[in-house]
Amino acid sequence: QVQLVESGGGLVQAGGSLRLSCVASTRTFSRYAMGWFRQAPGKEREFVAFITWNAGITGYADSVKGRFTISRDIAKNTMYLQMNSLKPEDTAIYFCAKKMTLSAPYDNWGQGTQVTVSS
């Protein structure tokens, strides 16, 4: 069973930046895409960004477009989320997950990393 581990969260002031990482415990496992999601207190988990693993095609939620950048390092088996111009409303636990095919649901959720943006 592949495990995904997120890191890089922390406390930052509004306007600041953070870079999150998501590392897979197994180097050789197939995946179509990986994604970042977040869940704020009292709210449902929401999509943030995705990247297809081989082609590197990306997509973003409107709320983060232009501020966040998703990327992956195939050699390091790691996905990143560069978050710039952070806002207090970006405060949430950030999770990474993978999907095996275009139509498959995301699975193998990590434990999450807390991002707190102070105003």
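Which residue stands opposite alanine 92 in β10? In this predicted model, where local features need pLDDT of at least 70, side-chain atom pairs count only at pLDDT 80 or more and totals for chains, interfaces and linings use all residues, that place goes to valine 115. Residues are numbered from 1 along each chain as its sequence is written, and side-chain values use heavy atoms, with hydrogens and water left out.

Strands here are DSSP runs of E, at least two residues long, numbered from the N terminus; two of them pair if DSSP finds at least two bridges between them. Strands β9 (residues 92-99) and β10 (residues 113-118) run antiparallel, joined by three bridges. Both sit in an open, mixed sheet of six strands, ordered β2-β10-β9-β4-β5-β6. At its edges are β2 (10-13) and β6 (58-60), each pairing on one side only.

At 0% relative accessibility, glycine 35 is buried, meaning under 20% relative accessible area with a 1.4 Å probe, protein chains only. Leaving aside residues up to four places away in sequence, glycine 35 touches several others, including Ala49, Phe95 and Cys96; contact means heavy atoms within 4.5 Å.

Cysteine 96 also takes part in a disulfide with cysteine 22, S to S 2.1 Å, the cut-off being cysteine sulfur atoms within 2.5 Å. The pair links distant parts of the chain, 74 residues apart, with cysteine 22 in strand β3 (residues 18-24) and cysteine 96 in strand β9. The torsion about the S-S bond is about 70°, so the disulfide is right-handed. Cysteine 22 is buried at 1% relative accessible area, and cysteine 96 is buried at 0%.

Notes:
Helix = DSSP H or I, 4+ residues; strand = E, 2+ residues; numbered from the N terminus. Buried < 20%, exposed > 50% of the residue type's maximum accessible area, 1.4 Å probe, protein only.
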